[in-house]
Amino acid sequence: MPCSVRRYNPAFRGAAPDEAALYRSGRLHSHQEVRSRETRLPTISILRSFCFMDMALHCPACSVDYRIMERHFGCPKTAPDAEHVLRQVHRARPEVELWRQAWEDGERGSFRVFRNAFSSHLLAGEQGYLAHLEGLNDNLMRYEGLTFEATALFAAGPIARAIGHDGPLLAKDETANIAGSNKSRHFMGSLLYLEAHRRLSGSEAKTPLAVHGSGDEALAAAVVARAGEYPLHCFVPADLNPDTEEALRSQGAFIEKIARQTGETGDPCYRAFRNAVAEREFIPFACSGPDNWSSIEGGRSLGYELALQLAEAGIVLDHLVLQVGGGAFARAAIEAMESCREWGLLDTLPRFHVVQPAASFPFVRCHALLLAHVADAAGLSFDLEYDIDSDPEDETAILREFLDEESAQVADVAAFAAERFATEEVQRVLARAVANPSGFMWPWDAGTPHSSAAGMLDAVPHDWFYLAAGVLRTGGVPVIAPEETIAAARGLVSAHTIVSASATGSAGLAGLMTLKQQGHVQGKDAAGIVLTSLAST
């Protein structure tokens with residue numbers, strides 16, 4: 001029977017003219033059309049103004065490309081009535097042959113190897129970019145004892161055998177990265193972008209940066225901000241862990257504690273962060289694309305690395321399982337690998353799956369609603385009845401029961417969405433999500449969440465839209481990992497590798513275990529996970 005999702009706004013049942021323009025333009029497609037050129041990215045200033053046209057920032061709600069030489073962090077027309085989020089668009093193909101050559105020559109510096117894909121390189125030019133990068137690397141080496149180097153991709157055979165998986169299992173270890181997590185990549189991309197624009201403007205001043213959250217994100221921001229010699233204000237929970245507070249202060253960060261008010265929904269730290277950006281004119285140094293698109297650019301370095309490592313090893317992944325809290329990590333990795341497919345570095349893409357803990361899964365809920373709309377448009381069976389206006393905990397229980405019992409329907413509609421991604425049936429749904437985001441994504445409201453994977457409890461995955469598009473395009477399936485599976489996954493990583501990953505960091509494995517249980521991953525399939533963060537000591 002067809003699905004039923006109540007509070008379905010009839011105004012969006014047929015695509016309005018602006019929606020139609022969105023999907024006809026192709027701008028909602030995960031793969032942007034690339035006009036390939038053989039011209040090397042500029043290394044001399046006479047070419048730079050011409051090459052600024054080779055990159056842009058696209059907003060799906062505005063259906064506008066903003067110029068890269070104008071300093072934007074978020075869409076300048078951001079409004080709550082539509083999904084305004086910038087995505088980097090490469091109009092010219094970067095010379096990925098230079099990546100291969102550098103890799104073969106032994107270069108492993110992430111922000112050196114892939115520099116011709118970064119906006120900061122385009123803005124600063126070859127010499128300016130490298131000079132700035134070396135200055136940051138010198139400070140990172142002085143303070144942290146390491147710089148951004150490619151992290152290891154290794155065969156996790158013992159873990160595969162422990163979970164009964166007969167196919168290859170590869171794991172990428174981000175725990176050895178700056179500040180012990182993948183988060184630092186995002187902030188490095190933002191800092192390079194910010195500094196390129198500051199130097200273009202001739203300004204000597206370094207405007208204070210603002211970040212929200214605690215744990216991995218705040219610490220990574222503090223480490224990178226210190227390397228760039230920028231003041232950083234951290235908007236953190238009032239009950240911030242004392243060890244984390246001490247670590248942040250040791251990096252020179254200013255701590256601003258935010259208490260949650262009775263009955264308050266959403267993230268009070270995020271609201272305080274946005275107020276500081278608006279009222280105190282701080283720069284949004286956030287690991288979320290809607291607040292600062294360049295954080296996604298920095299995070300893409302992980303996906304570029306993974307693509308290059310897979311190509312070098314001659315391995316084709318069938319599945320890549322990524323953990324989701326705020327969504328920036330998964331979105332960036334997916335976008336990077338999509339680009340590598342477009343640019344000829346990868347022949348095929350894996351199915352991109354994501355996992356959230358049972359305590360809080362707003363992205364899984366959002367994806368299910370998107371599939372419901374796709375199924376409705378295509379006349380496919382999807383027996384989900386979800387009333388957005390009813391009790392959130394009751395509706396969440398209904399959703400979980402449906403996902404557990406009707407995994408075959410989920411797989412069928414996901415496969416249909418992948419096969420028909422470029423057609424109206426799917427593109428109209430994405431256009432509807434852009435025009436009416438609150439019908440698909442809203443803050444988690446089914447109780448106060450608690451999980452050992454605390455880094456995945458974001459009330460809203462701010463990067464949900466492009467993440468959802470990437471998952472839909474490949475037929476991926478978001479899953480909910482029970483707390484016991486998250487604990488088991490962490491134990492397996494600890495028992496079978498030398499990596500000391502946190503519960504959040506090893507949650508991709510929990511997702512893989514859940515996917516196998518639900519039949520979405522078969523025994524001989526090649527699967528990949530990312531161990532994103534170091535366990536606290």
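This is a predicted model: local features need pLDDT of at least 70, side-chain atom pairs count only at pLDDT 80 or more; totals for chains, interfaces and linings use all residues.
View 1. A search of the whole structure finds 16 aromatic pairs. In the pair formed by Phe114 and Tyr304, the ring centres lie 5.5 Å apart and the planes meet at 50°, so the pair is described as tilted. Phe114 belongs to the loop between helix H4 (110-113) and helix H5 (119-144), while Tyr304 belongs to helix H11 (residues 294-313), and the pair therefore ties together parts that are 190 residues apart in sequence.

**View 2. Tyr193 and Trp293, an edge-to-face aromatic pair.** The rings of Tyr193 and Trp293 are 5.0 Å apart from centre to centre, with 75° between their planes, and the pair is edge-to-face. Because Tyr193 lies in helix H7 (residues 183-201) and Trp293 in the loop between strand S10 (283-284) and H11, this pair ties together parts that are 100 residues apart in sequence. Tyr193 has a relative accessibility of 0% and so counts as buried, and Trp293, with a relative accessible area of 2%, is buried too.

**View 3. Arginine residues over aromatic rings.** The charged end of Arg87 sits over the ring of Tyr466, at 5.3 Å from the centre of that ring. Arg108, in turn, lies over the face of Trp103, and here the distance from the ring centre is 3.8 Å.

**View 4. The second largest pocket, between domain 1 and domain 2.** The second largest pocket holds about 760 Å³ of space. It is lined by 31 residues, of which Thr78, Ala79, His84, Tyr270 and Pro290 are the closest to its centre. Domain 1 (49-89) and domain 2 (153-179 + 294-531) both give residues to the lining, so the second largest pocket lies between them. Helix H10 (268-279) and S10 each supply at least two residues of this lining, and H10 gives the most to it, with three residues. By residue type, the lining of the second largest pocket divides into 18 nonpolar, seven polar and six charged residues.

Note on methods:
Residues are numbered from 1 along each chain as its sequence is written. Side-chain values use heavy atoms; hydrogens and water are left out. Rings of Phe, Tyr and Trp (its six-membered ring) pair if their centres lie within 6.5 Å; planes under 30 degrees apart count as stacked, over 60 as edge-to-face and the rest as tilted. Helices (H or I, at least four residues) and strands (E, at least two) are DSSP runs, numbered from the N terminus. Buried means under 20% relative accessible area, exposed over 50%, partly exposed in between (1.4 Å probe, protein chains only). A charge sits over a ring if NZ of Lys or CZ of Arg is within 6 Å of the ring centre and within 35 degrees of the ring normal. On a 1 Å grid over the protein atoms alone, a cavity is a set of points where a 1.4 Å probe fits but cannot get out, and a pocket is an open set with protein on both sides within 12 Å along at least five of seven lines; lining residues have an atom within 4 Å of a point. Grid points are joined across faces, edges and corners, and a volume is the space filled by probe spheres set on the points. Ala, Val, Leu, Ile, Met, Phe, Trp, Tyr, Cys and Pro count as nonpolar, Asp, Glu, Lys and Arg as charged, and the others, Gly among them, as polar. Domain bounds come from an automatic or database domain assignment.
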